[in-house]
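Student: Please give me a close look at one part of this model. Then connect it to the rest.

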Amino acid sequence: MKKKFLMLCALMHIIILNAQEFSNYVNPFIGTSNFGATNPGAIAPRGMASVSPFNVAGTQNTLEKDSRWLSNPYVNENTFLTGYSHVNLSGVGCPDLGVILFMPTTGELETNHLKYGSTYTNEVAKAGYYSNVLSKYNIKVETTATTRTGVSRYTFPKGESNILLNLGLGLTNEEGASVKIVSATEIEGMRSVGSFCYYKPEEAYPVYFVAKFSEPAEKYGVWKTPRPYKGAEAEWMVYNGKPRIMEGYQKEVVGDSIGSYFSYNFDKPTQVEVKVGISYVSIENARENLEKETQDLSFDDIYNETATAWDTQLSKIKVEGGSQDDKVIFYTALYHSLIHPNILNDYNGDYPKMATRETLNTTDTRFTVFSFWDTYRNLHALMSLVYPKQQSNMVKSMLDIYDESGWLPKWELNATETTTMVGDPAGIILTDTYLKGIKDFDIEKAYEAMVKSADALEDNPLRPNIETYINKGYLTSEQRGAVSTTQEYNATDFSIALLAKVLDKKDDYKRFSKRAVSYRKLFDKNLMLLRPRNADGSFYEPFDPLAGANFTENIGFIEGNAWQYAFMVSHDIKGLMKLMGGQKAFSKQLQTLFNTDQFDMANEPDIAYPFLFNYVKGEEWRAQQKVQELIKTYFQNKPAGLPGNDDTGTMSAWLIYSMMGIYPVSPGEPLYTITTPVFDKITIALDQNYYEGKTLVIEKVGSKDDIVKTIQLNGKAHKSYFINHSDLIKGSNLKITTD
């Protein structure tokens, strides 16, 4: 009997290991250095709540939030931690959120985070789990999360201990909070956040929370630190600039630098679990989110459920072959691509309406964090291929935003429109999704919204200076980023034309097809580059094609220079080739970009450029060689293992596609270009609610080198380095031979 029991235990252990084989490859520390802006905190797939270590406050740290532009709550090089934040962004370029910070301490109560902060050791991060040990207090901290609740387990030593909630600290540029102690085991409150990229401070908004503790506090209270006053008034204020401790206080406290504390005196080492429910609608909804998602579950129960949820999502793509590090960087990239866009609606379906924040309700999923200038290039195409139901709900969220605000989103964040970056990219995503076969949304409404943003001449938040663009075909040097913005408008107009053709809107098809190639008017045949023109039609002088690299300001381009935008017309490569004098001239100019180190792997405008060699017959090997080189150089299994900001999963999506051997080179078109896979076999589980086939299999045959010799689709020779989406989702086998 004992032998059978041991065998059963061993079998169960194997089953558990196999069930978690995908999440075991995730290394959440990748991207936490080199300004990748990811964090190793615990989060569920698409989670509203996350629990991240917060180590960017205090001059003890190498990179500190108040002395420089810093958009992430955690930096791997830093060593001084001041708490664990419960709403966070991953891979963004501007500071926001990073608030509702809890911190366990021991000894006497201290409310100044620069004094109670601690160094830490023994960091562990997995999908849905993070832990460390606070050196100053010998407290082990473990964190996990459900979709809308952050969960922590603190292992305290014997003696006096505290759990602090600091509502004055965070990444957001907004201030203001409230807190109320409900009982010895519960607190509730609100923190104001917003002003992403310092835009639209008038749209600051609240995030609500309810926290419950597994152990009742022996003492509790709140603190409030007023700003220092000067002059005669200050002479009367004995508490001027000093924290006021209000023990046992159970009324609401409002202010900027406020917090609460729960204090204990343990007679032996003790674990306390803290569950923090989050909502962007109300305290009542935050409490319901907490109760519905955590119920009476323990920390371990919750972590196991979240780990299983991650495995379910990550298992949609199975890779075979490659090294251990290859699998780690691949599945970590897939993990990062499943963080944003994330869920905005509460458990009961409530969510805040755009801008006015009235409470609305959905029976689907309302998504948020739409960083479209980044993600239209590859991430949403990846969602359409692998997670079409999620992509469908993202598109429906976009159309709901249109209903609520009158405009499609541009860079939407928690029901505010930040209007960050340039262009009008939402239409590209709508077209791309529909043409890939995801059609369970209102396409006529989508088309109406796209055309509105493309044609509206007055008060158009998506296309500033639209009248100049329509009249001249380009923006002029008087407008910021005139050339690159023209290119972005062209790309969206191309997608509108594609959709117009499918919907049999013939006049619109002709009109937008013509508009889509107006960038040609900016081509300088002497430089073979695009160049800004003045209002009178003359080229802008003096013009430096190199100006604008490394995010410096320049005339004509946003976050890049003339070289980095030279080929960002993937919808009209044949037209660009003609301007440059043919395929050979095009290939030579493209190779020059790489030879002169003008290619920037860390930014979006040129990330498709390595694949453009596939448009030149006989030069496809250059694409294969360059993509492999970029993977090895910029994507590694270490904290600095991203080339820079992950941009809510865009860089991760680039890596996923590149390692699989296909890439959506022309956003909006249901088309992929082919290169050499890293793995021997990739199996994508297709959603049969949307696609005909059960799986898409991509195989690499041969190990001599990475140069493609032949391509086969379902056993038949495929003569092109381009392949239609429709050919891949029938249950296809794409075989790429390198021998």
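Tutor: Two strands pair if DSSP finds at least two bridges between them. Strands (E, at least two residues) and helices (H or I, at least four) are DSSP runs, numbered from the N terminus. This is a predicted model: local features need pLDDT of at least 70, side-chain atom pairs count only at pLDDT 80 or more, and totals for chains, interfaces and linings use all residues. Residues are numbered from 1 along each chain as its sequence is written, and side-chain values use heavy atoms, with hydrogens and water left out.

Strands S23 and S24 (residues 411-413) run antiparallel and are joined by two bridges. In S24, Trp 411 is the bridge partner of Ser 371. The open sheet has three strands, ordered S23-S24-S25, with antiparallel pairing. S23 (370-371) and S25 (416-417) stand at the edges with a single partner strand each, so one side of each has no neighbour in the sheet. Strands of a sheet pair through backbone hydrogen bonds, either parallel or antiparallel.

Val 369 sits between strand S22 (367-368) and S23. Val 369 is not a glycine, yet its phi is positive, about 65°. Val 369 is also buried, at 2% relative accessible area. Buried means under 20% relative accessible area, exposed means over 50%, and partly exposed lies in between (1.4 Å probe, protein chains only).

Cys 197 is not a glycine either, and its phi is positive at about 60°. Its place is the loop between strand S11 (186-193) and strand S12 (205-213). With a relative accessible area of 10%, Cys 197 is buried.

Next, helix H6. Residues 324-337 make up its 14 residues, and the helix reaches 20 Å from first C-alpha to last, close to the 20 Å expected at 1.5 Å a residue. The expected span is 1.5 Å times one less than the number of residues. H6 is largely enclosed by the rest of the structure, because 11 of its 14 residues are buried. Among them are Lys 327, Val 328, Ile 329, His 336 and Ser 337. The cover over the buried residues includes strand S1 (42-43), helix H5 (299-314), strand S18 (317-320), helix H8 (379-386) and helix H18 (650-660). Beyond H6, the loop to strand S19 (342-343) holds Pro 341. The peptide bond from His 340 to Pro 341 is cis, with omega near -5°.

Then the rings. The structure holds 30 aromatic pairs. Rings of Phe, Tyr and Trp (its six-membered ring) pair if their centres lie within 6.5 Å; planes under 30 degrees apart count as stacked, over 60 as edge-to-face and the rest as tilted. Phe 330 and Tyr 331 are edge-to-face, because their ring centres are 5.2 Å apart and their planes stand at 90°. Both Phe 330 and Tyr 331 are buried. Tyr 657 and Tyr 663 are edge-to-face too, since their centres lie 5.9 Å apart and their planes at 75°. Tyr 657 is buried at 0% relative accessible area, and Tyr 663 counts as buried at 1%.

A nonpolar core is a set of buried Ala, Val, Leu, Ile, Met, Phe, Trp, Tyr and Cys residues joined through side-chain atoms within 4.5 Å. In the largest core, of 204 residues, Phe 102 and Trp 654 touch the most other members. H18 gives this core its largest share, eight residues. Contact means heavy atoms within 4.5 Å. Leaving aside neighbours within four places in sequence, Phe 102 contacts residues including Gly 83, Tyr 154, Ile 187, Phe 213 and Val 276.

Finish with another set of strands. S32 (residues 710-713) covers one face, with Ile 711 and Leu 713, and leaves the other uncovered, with Thr 710 and Gln 712. In a regular strand the side chains alternate between the two faces of the sheet. Four bridges join S32 to the antiparallel strand S35 (residues 733-737), where Lys 735 stands opposite Gln 712. Two bridges join S32 to S33 (residues 716-717), also antiparallel. Two residues lie between the strands of that hairpin, and Asn 714 takes a positive phi near 55° there.
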